[in-house]
Amino acid sequence: MTRARAAILCGALAGGIASASPGYGCTILNVTEGGRTYVAANEDWSTDRFYIRVQPARGSEYGRVLLGVDDPERYPFSGFNDQGLFFDLASVSPSPGLETDPHKETHDNPVYVRMLASCSDVTEAVEFLSRFNVSGLERHHIMVVDRSGSSAVIEGTPQGQVAIRKTGRHQGMTNFRLSTADSRATQSGRCAVADRMLRVMGEPTIDGLRSILSAT
């Protein structure tokens, strides 16, 4: 736990906030300023079956912290490793038409555990997930963030996986696919609220990010 916390607090991801959202709507965001990257998220479950699992580094595998429901190794939905790589996911409308490559292995959410064990940054994470048919991308999309401030939202489409890279100092996602959304989706609702508040925010603070989670 110490190594993973150090990766977060000492120049990697500078702070992370998560809270349960009574409105059943995920809001996941990150913002980089002055060499520090903050992540924050509202989760869309109302359950007492949350678990946190801490896995120290072992052999070539990075140490990691996983959050999940019932069993974080079976259904992880968020986590970070001792290299400062973070992920979180948000539900989207089911998409049964995702491309499946018969030459690739198919894996569900546990593939994100393997990602944290072996990847140190966003570029490696995007490349790693592209090796598999990730069946979970039929029902969610995933944000990956690293300690340099790079981030990407990875989504499944009928043409295959796409990675929507961060431009500017922040990136956010809610419960619709960015790759297929029209302008109305991005200009209203929780996504627009978070984007507007991040644009006017000066130096990011934990309290400032909590205010965004409260507003969304």
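**Figure 1. The salt bridge between R199 and D195 in helix 5**. D195 is partly exposed, with a relative accessibility of 27%. In this predicted model, D195 pairs with R199 in a salt bridge whose closest N and O atoms lie 2.7 Å apart. Both residues belong to helix 5 (residues 189-200); because they are four residues apart there, about one helical turn separates them. R199 is exposed, its relative accessible area being 60%.

**Figure 2. The salt bridge between E127 and R131**. The two side chains meet at a distance of 2.8 Å, N to O. E127 has 41% relative accessibility and counts as partly exposed. R131 is also partly exposed, at 45%.

**Figure 3. A network of salt bridges linking R58, E61 and R64**. R64 has a relative accessible area of 6%; buried means under 20%, so R64 counts as buried. E61, at 29% relative accessibility, is partly exposed.

**Figure 4. The whole protein chain, for orientation.** The secondary structure consists of six helices and 13 strands. The chain has 216 residues, of which 48% count as buried. It exposes about 10300 Å², and carbon and sulfur atoms supply 50% of that area. Of the contacts between residues at least 6 apart in sequence, 58% join residues at least 24 apart. Seven salt bridges are found in the whole structure, among them the one between R199 and D195.

Note on methods
Residues are numbered from 1 along each chain as its sequence is written. This is a predicted model: local features need pLDDT of at least 70, side-chain atom pairs count only at pLDDT 80 or more; totals for chains, interfaces and linings use all residues. Side-chain values use heavy atoms; hydrogens and water are left out. Helices (H or I, at least four residues) and strands (E, at least two) are DSSP runs, numbered from the N terminus. Buried means under 20% relative accessible area, exposed over 50%, partly exposed in between (1.4 Å probe, protein chains only). Contact means heavy atoms within 4.5 Å. Accessible areas come from the Shrake-Rupley method with a 1.4 Å probe; for residues, only the protein chains shown count as cover. A salt bridge is a side-chain nitrogen of Lys or Arg within 4 Å of a carboxyl oxygen of Asp or Glu.
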